[in-house]
Amino acid sequence: MPASDEEHGRTICKVLMLCCLLVASCTILGVSFSVITPTEVGLYYNPNTKLLNRNKVWGSGRHLVCPGCDFKRYPSSYIPFVYSHQEGTVMGCWTSDKQELSIELFVQVKILPDKAADIYDKYQYNYFDPWSQKIQMALKQTTKDYNTESMFEERSVVTAAIKEEIESYLEDEGCEVASVHVGQITIPTQFEDAITTKVVTQQNAATVLMQRNVTVIEAETAIIDSQADADAAVIVGKANADASVIRERANAEALRKVQQAEAEGLKEIMDELDFSVSQTLQFKFNRAIKMLGVETTVGVGYDDQYLSVKDRA
């Protein structure tokens with residue numbers, strides 16, 4: 001084989017080896033870069049040693065890493081939690097006056113870059129569902145302190161209270177609550193009839209109570225009228241009785257005075273004419289006969305018999 005051919009063969013081998021080396025170098029160099037997008041942050045992770053570098057949080061860009069190594073990425077943008085009728089995730093809660101409501105809620109949360117390692121240790125990438133549960137619990141915990149009227153008329157106050165409660169629930173989760181918006185608040189359809197029935201029942205109960213009060217007042221009025229009539233009858237009866245007593249006392253007093261005057265007159269006659277008791281009685285008897293007139297028959301009885309006076313006619 002000529003020397004020129006051998007030299008040509010060796011040159012070709014060198015070129016092929018150089019090409020292979022170049023391809024391998026490019027391949028290794030290509031896999032030694034990792035990209036973090038502008039909406040992410042990353043933690044450097046070495047799968048060979050199973051170690052996570054906690055000392056540095058990497059931002060967006062193309063970064064040189066060891067072959068096989070990569071980043072544990074977390075979003076640096078806002079993470080939305082949407083609870084709406086359209087998504088089928090609307091939340092139910094209760095007010096302080098025991099009214100069930102359906103509330104649409106929109107919450108935006110942002111991961112704190114320096115807490116990304118703690119989130120990885122606690123959840124790895126499964127943080128969304130636990131945070132969603134905490135948001136729902138915060139909402140239900142807040143609405144029970146407000147009545148139904150406040151939920152509709154004081155929305156800004158209620159929204160601020162819900163945001164504060166969500167911040168409290170997510171305080172140790174390595175994130176911050178960027179915004180909270182309360183959407184449509186509705187009364188569930190299945191409870192509308194129950195509410196209407198409840199209101200009607202309350203109105204009927206109020207009507208029955210009013211009617212009962214009217215009946216009680218009427219009864220009390222009747223009792224008062226009856227008592228007044230009875231008192232009036234007692235007063236009238238007592239007045240009549242008192243009048244009768246007064247009249248009888250007056251008659252008796254008049255009779256007593258007449259008899260007293262007659263006795264005093266007979267006593268004067270006895271004293272002036274020096275009559276005995278018999279003579280005085282005879283005088284009284286004769287005067288009585290004279291007052292009766294000539295057409296009257298007088299009968300005198302003895303031994304417990306009565307004295308009678310009869311007209312002759």
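**Briefing: chain overview, a helix pair and cysteines**

Of the 313 residues of the chain, 22% count as buried (under 20% relative accessible area, with a 1.4 Å probe and protein chains only). This is a predicted model, in which local features need pLDDT of at least 70, side-chain atom pairs count only at pLDDT 80 or more, and totals for chains, interfaces and linings use all residues. Residues are numbered from 1 along each chain as its sequence is written, and side-chain values use heavy atoms, leaving out hydrogens and water.

**Overall architecture**
- The chain comprises seven helices and 11 strands (DSSP runs: H or I of at least four residues for helices, E of at least two for strands).
- Among contacts (heavy atoms within 4.5 Å) between residues at least 6 apart in sequence, 62% join residues at least 24 apart.

**Packing of α3 and α5**
- Helix α3 (residues 128–143) and helix α5 (residues 155–169) have axes that come within 8 Å and cross at roughly 135°.
- The contact involves Lys 134, Ile 135, Met 137, Ala 138, Leu 139, Gln 141 and Thr 142 of α3, together with Ala 161, Ile 162, Glu 165, Ile 166 and Tyr 169 of α5.
- By class, eight nonpolar, two polar and two charged residues form the contact of α3 with α5.

**Cysteines**
- The count of disulfides is zero (pairs of cysteine sulfur atoms within 2.5 Å).
- Cys 69 counts as buried because its relative accessibility is 7%.
- Cys 175 is likewise buried, with a relative accessible area of 9%.

Definitions and conventions
Axes fitted to C-alpha atoms, helices over the stretch in contact; angles between N-to-C directions. Nonpolar A, V, L, I, M, F, W, Y, C, P; charged D, E, K, R; others polar. Buried < 20%, exposed > 50% of the residue type's maximum accessible area, 1.4 Å probe, protein only.
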